[in-house]
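Subject: Structure handover

Hello,

My notes on it follow below.

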Amino acid sequence: MAYEHIVPKVAGRAGIVTLARGKLNPLSKDLLTELTDALVKYDQNPEIRCMVIFGGDTVYCAGADIKEMVESAFADAFAADSFGAVSDAIQSCRKPIITGVLGPALGGGCELAMMCDIIIAGESAQFGQPEINLGIIAGIGGTQRLTRAIGKAKSMEMHLTGRRMTATEAEQNGLVSRVVADDEVKSEVMKLADLITRQPPLAVIALKEAINRAEEVSLREGLLHERRLFHSLFATNDRAEGMQAFVEKRTAVFKGH
């Protein structure tokens, strides 16, 4: 696929996608199609161990492309299952996805950031779900993921009023991993990606699966799932390498099998 609205790049074992659709990066159908295509290809590439999404330098993403939606009726949105494919595709990625947020991440932009596994925010970052001002509600997971991240009360307030959350508040409420200076966001994201790519790939996939399962099942079921994944990793060469390297006091070299 030819990419017109994103810039894909591989750095070491990290697959990077940068949104590149003007200053505001509105999420058009074409942009979302390209984004999904790139992420799925990275996820299926055995040489890639971690994925990264960057938005713009002053605006991460201002949300969905309203010009594409203004004439849509219920039948159009329902028949096309608007935003369903991209949400399902990103959620199905087995490898970790890190995103760096600079400036506003609003509506679909906030939802895109929340689809990622780790968010590193610059001091200028803002998060918001202002769909109520357009007569609609979030449609790419905003009501679900934001509520799970920051709790019902704050999520309800943000959705009902369109209020934006600052980077500091987002960190205090567990929405982002950490806040750094704007000019350090990209380097910090890439340092984190590099660290993850050095970890045993099968254990990384198992960890992501186990942690995501924690939001979806009871504690008892989650504990059993974690234990079974823990047991299964004893069948990998990386487990043997990691433990032997620890005993021998050397750096382990993980190969993903």
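A residue counts as buried when its relative accessible area is under 20%, as exposed when it is over 50%, and as partly exposed in between. Keep those cut-offs at hand, and keep in mind that this is a predicted model.

**Cysteines**

Start with Cys 50. Its relative accessibility is 0%, so it is buried. Cys 110 also comes out at 0% and is buried because of that value.

How many disulfides does a search of the whole structure find? The count is 0. A disulfide needs two cysteine sulfur atoms within 2.5 Å. For Cys 50, the closest cysteine sulfur belongs to Cys 116 and sits 10 Å away, so the distance is too far for a bond. For Cys 110, the closest one is in Cys 61, at 10 Å, and that too is too far for a bond.

**Helix 5**

Cys 110 is one of the buried residues of helix 5. Besides Cys 110, the buried residues are Gly 108, Gly 109, Glu 111, Leu 112, Ala 113, Met 114 and Met 115. Note that a glutamate, Glu 111, is in that list.

**Surface patches**

There is a negative patch on the surface. Its members are Glu 123, Asp 182, Asp 183 and Glu 184. Glu 123 comes from the loop between strand 6 (118–122) and strand 7 (126–128). With 59% relative accessible area, Glu 123 is exposed.

There is also a nonpolar surface patch. Ile 66, Val 70, Leu 134 and Ile 136 make it up. Together they have about 350 Å² of accessible area. Ile 136 sits in the loop between strand 7 and helix 6 (142–150). Its relative accessibility is 36%, so Ile 136 is partly exposed.

**Positive phi**

Two residues are worth a look in the backbone angles. Asn 25 is not a glycine, yet its phi is positive, at about 50°. Asn 25 is placed in the loop between strand 2 (14–19) and helix 1 (29–44). Is Asn 25 buried or exposed? It is buried, because its relative accessibility is 0%.

Lys 249 has a positive phi as well, near 55°, and is a residue other than glycine. Lys 249 belongs to the segment after helix 12 (237–248). Its relative accessible area is 78%, so Lys 249 is exposed.

**Two C-alpha distances**

Glu 131 is in the loop between strand 7 and helix 6. At 9% relative accessible area, Glu 131 is buried.

Asn 212 is in helix 10 (residues 201–213). Asn 212 has 29% relative accessibility and is therefore partly exposed. Asn 212 and Arg 178 are 34 residues apart in sequence, and their C-alpha atoms are 19 Å apart in space.

Best regards

Methods: Residues are numbered from 1 along each chain as its sequence is written. This is a predicted model: local features need pLDDT of at least 70, side-chain atom pairs count only at pLDDT 80 or more; totals for chains, interfaces and linings use all residues. Side-chain values use heavy atoms; hydrogens and water are left out. Buried means under 20% relative accessible area, exposed over 50%, partly exposed in between (1.4 Å probe, protein chains only). Patches are made of residues with over 30% relative accessible area and no salt bridge: like charges are joined within 9 Å, nonpolar side chains (Val, Leu, Ile, Met, Phe, Trp, Tyr) within 5 Å. Accessible areas come from the Shrake-Rupley method with a 1.4 Å probe; for residues, only the protein chains shown count as cover. A salt bridge is a side-chain nitrogen of Lys or Arg within 4 Å of a carboxyl oxygen of Asp or Glu. Lys and Arg count as positive and Asp and Glu as negative; His and the chain ends are not counted. The place of a charge is taken as NZ of Lys, CZ of Arg, CG of Asp or CD of Glu. Helices (H or I, at least four residues) and strands (E, at least two) are DSSP runs, numbered from the N terminus.
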